[in-house]
Amino acid sequence: MSITDVLSAEDIAAALQECQDPDTFEPQKFFQTSGLSKMSASQVKDVFRFIDNDQSGYLDEEELKFFLQKFESGARELTETETKSLMAAADNDGDGKIGADEFQEMVHS
């Protein structure tokens, strides 16, 4: 599966353009622009599985650091501040990782 199987390359490019500078990544804005927030819960979970590098069923801070690169290989890494902010926005149970349900809730919130 490629991310462009479910999201348009143009929308991804526009979303990445909005956050190309360090510390400008805003999850909700990214989800809106990329089209992720318009997807069904099951489609969002498919994208989650694509982002989950080690297929553990969870996203940890190391995987989140490379979040943008899952959408386009040449994209920048998230800063430590952005990574921690993204984790805090989705980690509802405070276990230090984001599950598929938590990811889907964050995308649709």
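I take buried to mean under 20% relative accessible area. The model I am looking at is predicted.

**Helix α5**

I started with Glu82, which lies in helix α5. Its relative accessible area is 5%, so I count Glu82 as buried. I then asked which residues Glu82 touches beyond four places in sequence. I found Asp21, Pro22, Asp23, Thr24, Phe25 and Arg76.

Next I listed the buried residues of α5 (residues 80-90): Glu82, Thr83, Leu86, Met87 and Ala90. Viewed down the helix axis, they fall within an arc of 135°, so they line one face of α5. On the face turned away I noted the exposed residues Glu80, Thr81 and Ala88. The buried residues of α5 pack against α2, β1, α4, β2 and α6.

**Aromatic rings**

I searched the whole structure and got ten aromatic pairs. One of them is Phe31 with Phe67, edge-to-face, at 6.4 Å centre to centre and 75° between the planes. Phe31 sits in α2 and Phe67 in the loop between α4 and α5, so this pair ties together parts 36 residues apart in sequence. Phe67 also pairs with Phe71, tilted, at 5.2 Å and 55°. Both Phe67 and Phe71 are buried. I logged one aromatic cluster whose members include Phe25, Phe31, Phe67 and Phe71.

**Charges over rings**

I checked two lysines. The charged end of Lys70 sits over the ring of Phe50, 5.1 Å from its centre. Lys97 lies over the face of Tyr58, 4.2 Å from the ring centre.

Key. Residues are numbered from 1 along each chain as its sequence is written. This is a predicted model: local features need pLDDT of at least 70, side-chain atom pairs count only at pLDDT 80 or more; totals for chains, interfaces and linings use all residues. Side-chain values use heavy atoms; hydrogens and water are left out. Buried means under 20% relative accessible area, exposed over 50%, partly exposed in between (1.4 Å probe, protein chains only). Helices (H or I, at least four residues) and strands (E, at least two) are DSSP runs, numbered from the N terminus. The arc is that of the directions from the helix axis to the C-beta atoms. Contact means heavy atoms within 4.5 Å. Rings of Phe, Tyr and Trp (its six-membered ring) pair if their centres lie within 6.5 Å; planes under 30 degrees apart count as stacked, over 60 as edge-to-face and the rest as tilted. A charge sits over a ring if NZ of Lys or CZ of Arg is within 6 Å of the ring centre and within 35 degrees of the ring normal.
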